[in-house]
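I am opening a notebook page on a structure that is new to me, and I want to write down what I look up as I go.

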Amino acid sequence: MPTLTPEKLAEFQAAFDEAQSKAGEDMVRAVRKLFSNYIARVESIVLQVAARPGTSISLPETQAVLADMIQALELAGRDDLIREFQTKLAEVAGESLRYYDYIRPGSGTLGGISADTLNALGRDFVSELELGIDQKLVRPAASLIRDSMLTATTREDAVREITNAIESGGVLRRDGQEFTQANIEVFVQDSERRFARHTRTLKADELGLNIVVFTNPLDSKTAEQCRFLATTAKYGVPGFWYKDEFTTDLHPQLKDPPLVVGGHWNCRGTVDFVDLEYAISQGFRPRRGDSSAEG
Ligand SMILES: [Zn+2]
């Protein structure tokens, strides 16, 4: 029977980090592809405006263009992106559970976590992604186009203004670079980590594991609450906690459940679950009444 050691746990964490960052790169690339498809479609919609006869642009024409822009996001592959996002999150979740094999042989799979549960978790993250795309890309682009069409004196002026904004890196960067670098990478990373922590927590419930091991890189970027969670040795081992007490009550800076969020938005902290037997082997002193070793 495999035995969990701190070295093994660290090894699984490293493998997980690698899988996660690879999945993250794929997801960022997929988002970027959606952006460039979308921008190409918006450009072609704008060029159609230029080709229409007449000097002035009417309000109904402006509204029709805005409706086309909303549809352009679907045509640019939004649904494919969402499917890809869900697939990658499920891969990340699967990878995050592998070390459980060292605690309960054969348990390091999604197992009792239903596809419905995973899809529901995935949908939460995807709806945040859609909200982000809407706020960062579709709305600014739509308002730029609306304003240009309504205020420009000629059709050519409106088209020139919009085309300039696209080419000079205004709201619509050709590759969506500004948004992907500043927001999407962080968003993807945080989604993956939260998704992994969430599935691990579900799995820990299923396996009856009630000891949390919180690990966080300790450097100048480490938040106060993460340092606290990773270094406090309430039961004799730094970072080891009972699952039922691993809540926002532990530190005033914890705003969301640390089992899923870690210390804060975009936290690097890892939440692993182990059994009491392993914890004791590391020097953990159980609280009164919890001293009987499990399975
Ligand atoms: Zn943190």
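**Entry 1: the model.** I note before anything else that this is a predicted model, and I read every entry with that in mind.

**Entry 2: H1 and H3.** I looked up how helix H1, residues 6-51, sits against helix H3, residues 78-96, and found that they pack at an angle of about 175° with their axes 10 Å apart. Angles over 145 degrees count as roughly antiparallel, and H1 and H3 are therefore roughly antiparallel to each other. I then listed the residues that meet there: from H1 they include Phe-16, Ala-19, Ala-23, Met-27 and Leu-34, and from H3 they include Leu-81, Phe-85, Lys-88, Val-92 and Glu-95. Sorted by class, the contact of H1 with H3 has 10 nonpolar, 2 polar and 6 charged residues.

**Entry 3: H4.** Helix H4 runs over residues 115-151, and I wrote down that its 37 residues reach 51 Å from the first C-alpha to the last, close to the 54 Å expected at 1.5 Å a residue. Where does H4 bend? The bend is at Asp-134 and comes to about 40°. I also looked for buried positions in H4 and found, among them, Leu-118, Phe-125, Leu-129, Ile-133, Lys-136, Ile-145 and Met-149.

**Entry 4: Ile-57.** I found Ile-57 in the loop between H1 and helix H2. Is Ile-57 buried or exposed? A residue is buried if 20 or more other C-beta atoms lie within 10 Å of its own, and Ile-57 has 22 such neighbours inside 10 Å, so it counts as buried. Leaving aside neighbours within four places in sequence, Ile-57 is in contact with Thr-62, Met-149, Arg-155 and Ala-158, and Met-149 is one of the buried residues of H4. I also noted that the C-alpha atoms of Ile-57 and Thr-153, which are 96 residues apart along the chain, are separated by 8.5 Å.

**Entry 5: Tyr-100.** Tyr-100 has its place in the loop between H3 and H4, and it counts as buried because it has 25 C-beta neighbours inside 10 Å. Apart from neighbours within four places in sequence, its contacts are Ser-107, Gly-108, Lys-203 and Leu-207. The C-alpha atoms of Tyr-100 and Leu-207 are separated by 9.2 Å, although these residues lie 107 residues apart along the chain.

**Entry 6: Asn-266.** With 15 C-beta neighbours inside 10 Å, Asn-266 counts as partly exposed.

Terms used
Residues numbered from 1 in each chain as written. Predicted model: local features only at pLDDT ≥ 70, side-chain atom pairs only at ≥ 80, totals over all residues. Axes fitted to C-alpha atoms, helices over the stretch in contact; angles between N-to-C directions. Helix = DSSP H or I, 4+ residues; strand = E, 2+ residues; numbered from the N terminus. Parallel < 35°, antiparallel > 145°, perpendicular 65-115°, else oblique. Contact = placed C-beta atoms within 7 Å. Nonpolar A, V, L, I, M, F, W, Y, C, P; charged D, E, K, R; others polar. Expected span 1.5 Å × (residues − 1). Bend = angle between axes of the 7 residues up to and from the residue. Buried ≥ 20, exposed ≤ 12 C-beta atoms within 10 Å, placed from the backbone.
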